[in-house]
Amino acid sequence: MTLTKVSSAKVAGGWHQQFSHSATSTACAMRFAIFLPPQAGPNNPVPVVYWLSGLTCTDENFMQKAGAFKKAAELGLAIVAPDTSPRGDGVADDPEGSYDFGLGAGFYVNATQQPFAKHYQMYTYVVEELPALIEANFPVTSQRAISGHSMGGHGALMIALRNPSLFSSVTAFSPIAHPTECPWGVKAFTGYLGEDKKIWTQYDSTLLMQNKSTGPAALVDQGDADNFLQQQLKPEHLQQAAKQSGYPLTLRMQAGYDHSYFFISSFIDEHLAFHAQRFG
Ligand SMILES: CC(=O)Oc1ccc2c(C)cc(=O)oc2c1
């Protein structure tokens with residue numbers, strides 16, 4: 001598999017790089033960003049934290065705004081940030097061009113509906129194709145954790161819950177915690193997965209957590225001044241699910257924080273430390 005280097009810059013003693021490659025799962029060129037800490041090398045492979053971004057984002061938002069590099073360098077963690085949807089000529093978009101469906105809004109599911117099914121296979125891309133590519137081409141171990149924001153927080157929780165042997169821990173900022181019961185989720189799942197709500201359940205963190213008493217340790221931070229909290233995010237549903245099943249979830253309400261990267265940058269060090277502790 002050929003990787004094309006798009007950019008490279010030294011940061012925090014390590015390297016931030018962007019690559020594009022031809023992806024099989026999404027049948028198009030995909031771009032991702034990677035941070036390699038200074039200690040990563042052929043004789044010292046490091047664990048990887050996968051970061052899933054939110055609506056409208058690309059591989060760039062987290063890398064430019066989260067302020068994660070110094071802590072990741074200190075802890076010896078690589079970070080990989082994929083794009084949030086397939087893109088390019090021939091990739092279907094929302095005919096209305098909205099920000100919450102289509103390009104930049106893949107929701108980390110495998111679409112079954114036309115015209116999205118050909119390219120919108122973000123679940124397989126993130127769970128299978130990207131980690132295989134990263135582990136074949138960079139000095140990393142097969143130890144993985146996953147984290148994300150909003151739509152990406154939904155993706156991180158859902159992917160960790162469905163793949164407990166692949167991810168040792170999961171953290172999320174402001175996740176869309178119960179997508180089958182909020183407007184963003186209902187719109188995306190109807191468009192990508194169709195009307196059958198039974199199919200939706202496999203992609204809903206709250207419904208998955210309700211039925212699991214064990215799995216990757218989970219940490220969720222949610223700002224209480226987030227404009228999307230009540231209508232879209234519903235973290236209390238996730239907490240109730242964890243209470244019901246006994247799942248190891250820590251949900252922290254953070255006073256005064258909103259939905260932005262100011263919030264993420266305030267707590268990202270703690271999320272990286274949470275993952276590092278579970279890598280051991
Ligand atoms: C860079 C940035 O602020 O990203 C951002 C802004 C808003 C949202 C919303 C509203 C939802 C989401 O899933 O992600 C997201 C990301």
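Reader: Is S150 buried or exposed?
Author: Buried, with a relative accessible area of 3%. Buried means under 20% relative accessible area, exposed over 50%, partly exposed in between (1.4 Å probe, protein chains only).

Reader: What kind of model is this?
Author: A predicted one: local features need pLDDT of at least 70, side-chain atom pairs count only at pLDDT 80 or more, and totals for chains, interfaces and linings use all residues. Residues are numbered from 1 along each chain as its sequence is written, and side-chain values use heavy atoms, with hydrogens and water left out.

Reader: Which residues does the UniProt "active site" annotation cover?
Author: S150, D226 and H259, according to the unreviewed UniProt entry. Positions follow the numbering used here, feature names are shortened, and annotations may be inferred rather than shown by experiment.

Reader: How do they sit in space?
Author: They cluster, with a largest C-alpha distance of 11.0 Å, although they spread over 110 residues of sequence.

Reader: Back to S150. Where is it found?
Author: S150 is in the loop between β6 (140-149) and α4 (151-162). Helices (H or I, at least four residues) and strands (E, at least two) are DSSP runs, numbered from the N terminus.

Reader: What does S150 touch?
Author: Leaving out residues up to four places away in sequence, its contacts include F173, W184 and H259. Contact means heavy atoms within 4.5 Å.

Reader: And D226, buried or exposed?
Author: D226 is buried, at 5% relative accessible area. The loop between β8 (217-223) and α8 (229-233) holds D226.

Reader: Which residues does D226 touch?
Author: S174, L233, Y257, D258 and H259, again not counting residues up to four places away in sequence.
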